[in-house]
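Please keep the sequence and the structure in view while reading.

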Amino acid sequence: MPAPLLRTSPRALLTGLATGAVLVTTLWLVQAEPSGRLDVLFATLAHLSGLLAGYGILAMLLLMARVPAVEHGVGADRLARWHALGGRYVLTLCCAHAVLALCGYAAHTGTDVIGAAVDLMGYPGLATAAAGTALLVAVGVTSARALRRRVRHETWRATHLLTYVAAALAFAHQLSGPDLAGGPLAAWLWTLLHTTVGTLLIWYRLVVPVRQALRHGLRVVEVRVEGPGVVSVVMQGLGLDALRAEPGQFFRWRFLDRRLWRTSLPFSLSAPVRDDTLRITVKACGDHTRRIRRLRPGVRVLATGPFGALTAHRRTRRKVLLLAGGVGITPLRALFETLPGDPGDLTLLYRAGSAAQLVLREELEAIADARGAALHYLLGPSDDPFDPLAPRALRNLVPDLAEHDVYLCGPPGMSRAAAAALERAGVPAARIHSEQFTF
Ligand SMILES: Cc1cc2nc3c(=O)[nH]c(=O)nc-3n(C[C@H](O)[C@H](O)[C@H](O)COP(=O)(O)OP(=O)(O)OC[C@H]3O[C@@H](n4cnc5c(N)ncnc54)[C@H](O)[C@@H]3O)c2cc1C
């Protein structure tokens with residue numbers, strides 16, 4: 001029997017990261033020398049912000065290292081949200097560190113801040129530290145919501161890779177800094193921490209994907225039109241059971257086709273893994289997704305994963321409501337077929353603009369029939385005065401709604417509105433399990 005999958009809970013991960021921050025602060029505390037002098041005060045605070053910024057960079061990299069236990073327990077979308085939020089704090093700490101160090105030096109030497117900046121650039125390690133900070137600022141600026149929407153995903157991603165260079169520069173700066181240079185044990189631990197995160201990144205972002213590609217030899221075997229602008233892609237490979245992909249999870253797919261090989265895109269499995277085949281169902285909404293419908297059988301595919309925590313392990317109740325909006329049906333279709341349950345335990349609500357936009361309809365109806373599960377289509381434009389996702393409308397369809405776990409997947413606006421309506425209808429937030437299709 002295969003070993004059970006390890007999953008880190010969101011709380012355990014946050015507790016671990018917070019404990020690390022407390023330990024770093026303790027490292028600073030034992031070295032801090034109380035003084036009433038302004039320059040010392042600036043320098044002491046610069047050390048604290050610098051150490052926390054270095055630790056923060058490491059924590060942000062760890063969140064994105066794609067460690068399976070973290071991905072499966074916390075979920076990629078939540079990790080991405082924490083990374084985006086944490087990144088802002090780390091950037092603030094980096095800038096605070098630079099400003100405090102400058103002010104400390106200026107107060108110590110009696111020069112102005114500009115003169116201090118010019119002086120400090122002459123010190124070995126400080127120019128590279130400044131370059132690292134500038135890179136982080138560039139990454140932060142391109143990630144700001146207003147700009148991110150205008151930048152192509154590939155450009156944003158390429159800029160983001162600079163974080164690794166920034167992290168290396170920051171590490172070199174910290175090792176030569178007073179907090180670590182004076183304490184061999186602290187320097188050793190700091191190096192160990194960096195080596196561990198670096199190894200995890202290399203292993204899970206480079207080695208594992210290459211190994212999976214060589215081992216499974218995945219190829220497209222069929223591309224099927226499911227509805228307007230929506231296609232299913234069926235892929236076949238060897239030994240796919242070893243991936244241990246669960247219904248509700250997603251992979252990052254790179255199709256080795258002339259038009260698509262440059263990018264890897266996240267898509268959920270729209271059916272459970274069976275007979276060494278994987279299936280995704282894709283809605284055309286941009287350049288790459290439009291090209292997918294022109295894929296031909298035989299095209300090789302690199303799939304990295306599985307990722308995501310929208311799986312059966314989150315379930316706490318016998319009764320389950322699956323609530324899908326648009327192409328958010330894909331992971332829920334796989335769960336609808338596989339979540340254990342007796343007749344009457346499962347309900348699927350599928351929100352779409354019109355009947356023509358429903359996809360995988362025959363399959364959903366066949367599953368509902370076979371399992372004795374309820375299936376309702378909630379059709380109509382999103383600005384319709386009748387809101388089928390209002391608390392009362394939801395309770396009419398599912399009278400014992402408050403007794404359910406809810407799996408929710410749909411466009412961001414619909415997901416937010418549905419989660420709020422579910423809570424008003426009595427479902428506790430902890431029992432609403434959702435996944436966003438945007439990082
Ligand atoms: C976990 C997850 C599961 C998903 N599952 C499905 C699914 O089953 N079916 C489906 O149709 N869609 C799914 N999506 C959405 C799908 O990945 C995007 O629609 C697709 O990447 C858009 O690519 P594009 O170049 O055609 O569109 P663009 O117009 O270039 O981008 C549209 C949006 O998609 C985002 N995006 C583009 N490229 C990427 C990328 N490489 N990685 C992450 N986001 C990107 C952009 O930030 C942008 O907001 C899923 C997304 C995520 C995050």
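Which residues does G132 touch, not counting residues up to four places away in sequence? With that exclusion, G132 touches A166 and L169. The model is a predicted one, and the points below are grouped by topic.

**G132**

- Helix α6, which spans residues 126-143, contains G132.
- G132 counts as buried because its relative accessibility is 4%, and the cut-off for buried is under 20%.
- Between G132 and Q436 there are 304 residues in sequence and 32 Å in space, taken from C-alpha to C-alpha.

**Ligand shell**

- The ligand has 20 residues around it, and those that come nearest are P266, K283, H288, T289 and T330.
- By class, the shell around the ligand consists of 9 nonpolar, 8 polar and 3 charged residues.
- Three elements supply at least two shell residues each: β4 (265-268), β5 (277-283) and α12 (287-292).
- Strand β4 gives the most to the shell, namely 4 residues.

**Polar atoms at the ligand**

- For P266, a backbone N or O atom lies 2.7 Å from an oxygen atom of the ligand.
- For K283, a backbone N or O atom lies 2.7 Å from an oxygen atom of the ligand.
- In the case of T289, a polar side-chain atom lies 2.4 Å from an oxygen atom of the ligand.
- The ligand taken alone exposes 880 Å², of which the protein buries 82%.

**Nonpolar cores**

- In soluble globular proteins, nonpolar side chains tend to be buried together.
- The largest nonpolar core here is made of 32 residues, and L13, I57 and L63 have the most contacts inside it.
- Two or more residues of this core come from each of α1 (10-31), α2 (38-63), α3 (68-74), α4 (76-109), α9 (162-176) and α11 (184-216).
- Helix α2 gives the most to this core, with 11 residues.
- Leaving aside residues up to four places away in sequence, I57 touches V90, L136, A167 and A170.

Technical notes:
Residues numbered from 1 in each chain as written. Predicted model: local features only at pLDDT ≥ 70, side-chain atom pairs only at ≥ 80, totals over all residues. Heavy atoms only, no water. Near = heavy atom within 4 Å. Polar contact = N/O pair within 3.5 Å; in protein donor to acceptor, adjacent residues only side chain to side chain. Areas by Shrake-Rupley, 256 points an atom, 1.4 Å probe, with all protein chains shown as cover. Nonpolar A, V, L, I, M, F, W, Y, C, P; charged D, E, K, R; others polar. Core = buried A, V, L, I, M, F, W, Y, C linked by side-chain atoms within 4.5 Å. Buried < 20%, exposed > 50% of the residue type's maximum accessible area, 1.4 Å probe, protein only. Contact = heavy atoms within 4.5 Å.
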